[in-house]
Every structure is written in structure tokens, then in C-alpha cells.
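Thank you all for coming. Please take a moment to look at the sequence and the model on the screen, and then I will walk you through them.

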Amino acid sequence: MFRDVSACNTYNYGDALYWDARYVQEAHCGSFDWYQRYSALRPFVRKYIPTSSRVLMVGCGNALMSEDMVKDGYEDIMNIDISSVAIDIMRRKYEQVPQLKYMQMDVKDMSFFPDESFHSVIDKGTLDSLMCGTNAPINAAQMLGEVNRLLKPGGIYMLITYGDPTVRLPYLSRSVYNWKIELYVIPRPGFQRPASSVSSEKSFLEPVFITEKGTLPADYVLEDPDSHFIYICKKPDESTDVSIDSPHPLSQ
Ligand SMILES: C[S@@+](CC[C@H](N)C(=O)[O-])C[C@H]1O[C@@H](n2cnc3c(N)ncnc32)[C@H](O)[C@@H]1O
């Protein structure tokens, strides 16, 4: 379930050829979900993403995540991946499931889709892959620019990553997006709290405060050092968001 990508220099996770070769090699192994399965992510997905909304799964790989979401009531999930091998496998596997669609596509150029096509974009490990490749900052900015373009106003980009706020917020909190960001921290699957843990009352379902410096609070205890971070990035919706800086003009 969990693969350590902190050693990402070893591989070129940003390279389509790397992923094609890997999916060919693992074709007989069935599916694999990086980091977390849907069952662990469900509380967050159900809280922020309506089942009737149009969802884009970027870098779907051969994960079960989208299938599990459909079993849980999601009606329309477009899955893209740079690997044509992964997409061919998944398209064949789910040809009888109308809620799931698959297209080979580079997340840095999703011009196939018009602006504001999706209510939500889910990313489990794909920004991470780009961050491990060459030209990481440029590629990440291109990807996130595309994600922002495709989101409807009020839409959600849900990023599931091993990257803590110090390494992910510089990319997510750019003023051009103006996303409102919430953070959750969950342990990797199978993590056992030490019996001596003082924070056994902590709920992983509570958002974690992000300091003005874009870090975890100084007193925050990361119980599992290999925790995963879930960033909920909400695109502003000018028609409903109330802004203190620019109130509606008073009628005269
Ligand atoms: C770490 S795997 C995660 C797969 C899946 N989301 C999961 O949770 O198991 C990263 C995925 O991103 C895909 N990927 C890498 N670069 C991409 C790009 N530029 N555009 C689209 N997909 C990309 C890879 O082919 C791979 O399937």
C-alpha cells in the first residue's frame, strides 16, 4: 500500500516511459493504490465532493480508487494518466462501467477539456511524481495552472501526498489561484500508535492549523513520521463567497 517515494531521485517518476515500462512489468499483478485506499480517504472525499459532481482523477494509474468511489455512489469520474499502458488496461477493465472514463493525457496539458469542466480534481501521488522528475517547479506550476483552469468556481482540488506544508504550500498557495486551503494529516496504512502516545485522543478527521509561515504548528506532533497529507484546495466562487475587502456596494 505504501511505497517510499522520498528516495525519488532513483527513478524518473515524471517520465511517461518510466511509467509505461512499470505498468507493462506489473500487468499481471492487478491493481495497486499508492499511499492510501479509498476506505481511508472516504470521509474526506464524501465531505468535499458530492456524488453527483463531475470528478477528474489525475494520474489514475491502475488504482482501485475510482472503482471504489463508483461503488460508493459517484456517478461521473474522468480518469487520465500519461501512461497509455495504464489507460489501455483500465479502459478494458471498466468498459462495462459507464461511470468511469479513461483517457491518455498529460496533466500539464489538459487542453482537451474546456475551462471549468469539473467540480473536483483528485490527485493521489501525481503532483508528487512530477516533483520527482526533471524541471519539477515548472512542471508543477503547469499542472496546477491546468487544474485551476478546469475547476468550476467553488470546486475542489484534493491532493493526497507525502509532501508536508513546507514543500507543497509554495506551489499550492499562489495568489493567482487564491485557493482556500485546508489540511488533514493521516497516518500511513497499518501505522500503530505507540502505547505511550500522549495524543491518543487526536482525531485525524480534524483539520490541522497551518501557520502564517506555511508550516505545521510548532507544538504539532507528527505521530507517524511517514504520514500522508491531504490538502483541500477550494477555488473561490465570486458569486457566493463573501469578501470583507470588497463588500457589495450599499444601495442608495
Ligand atoms: C504515484 S502514481 C499514483 C497512481 C494512482 N493515483 C494511485 O493513487 O495509485 C503516479 C501516476 O501519475 C502518472 N503520471 C505521471 N506523470 C504524469 C503526467 N505528466 N500526466 C498524467 N499522469 C502522470 C503515472 O503514470 C502514475 O500512474
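Predicted model: local features only at pLDDT ≥ 70, side-chain atom pairs only at ≥ 80, totals over all residues.

Of the 252 residues in the protein chain, 36% count as buried, where buried means that 20 or more other C-beta atoms, placed from the backbone, lie within 10 Å of the residue's own, while 12 or fewer makes a residue exposed and anything in between partly exposed. Residues are numbered from 1 along each chain as its sequence is written.

Along the sequence they follow the pattern α-α-β-α-β-α-β-β-α-α-β-α-β-β.

Now, how many residues make up the largest nonpolar core? There are 63, and a core here is a set of buried Ala, Val, Leu, Ile, Met, Phe, Trp, Tyr and Cys residues joined through C-beta atoms within 7 Å. Strand β5, residues 151-161, supplies the largest share of this core, 6 residues. V121, M158 and I230 have the most contacts inside the core. If we leave aside neighbours within four places in sequence, V121 is in contact with L56, V58, V147, L150, L151 and Y157, a contact being two C-beta atoms, placed from the backbone, within 7 Å. In soluble globular proteins, nonpolar side chains tend to be buried together.

Let us turn to strand β7, residues 228-234, where 7 of its 7 residues are buried. On one side sit H228, I230, I232 and K234, on the other F229, Y231 and C233, so that both faces are covered. Strand β7 runs antiparallel to β5, joined by 6 bridges, and strands are said to pair when DSSP finds at least two bridges between them. One of these bridges has I156 with K234 of β7 as its partner. Strand β6, residues 180-186, also pairs with β7 in the antiparallel sense, over 7 bridges, and there I181 has C233 as its bridge partner.

Finally, the ligand is surrounded by 22 residues, and the closest are W19, G59, G61, A63 and G125, where a residue counts as near if its C-beta atom, placed from the backbone, lies within 6 Å. Helix α5 gives the most to this shell, with 3 residues.

Key
Helix = DSSP H or I, 4+ residues; strand = E, 2+ residues; numbered from the N terminus.
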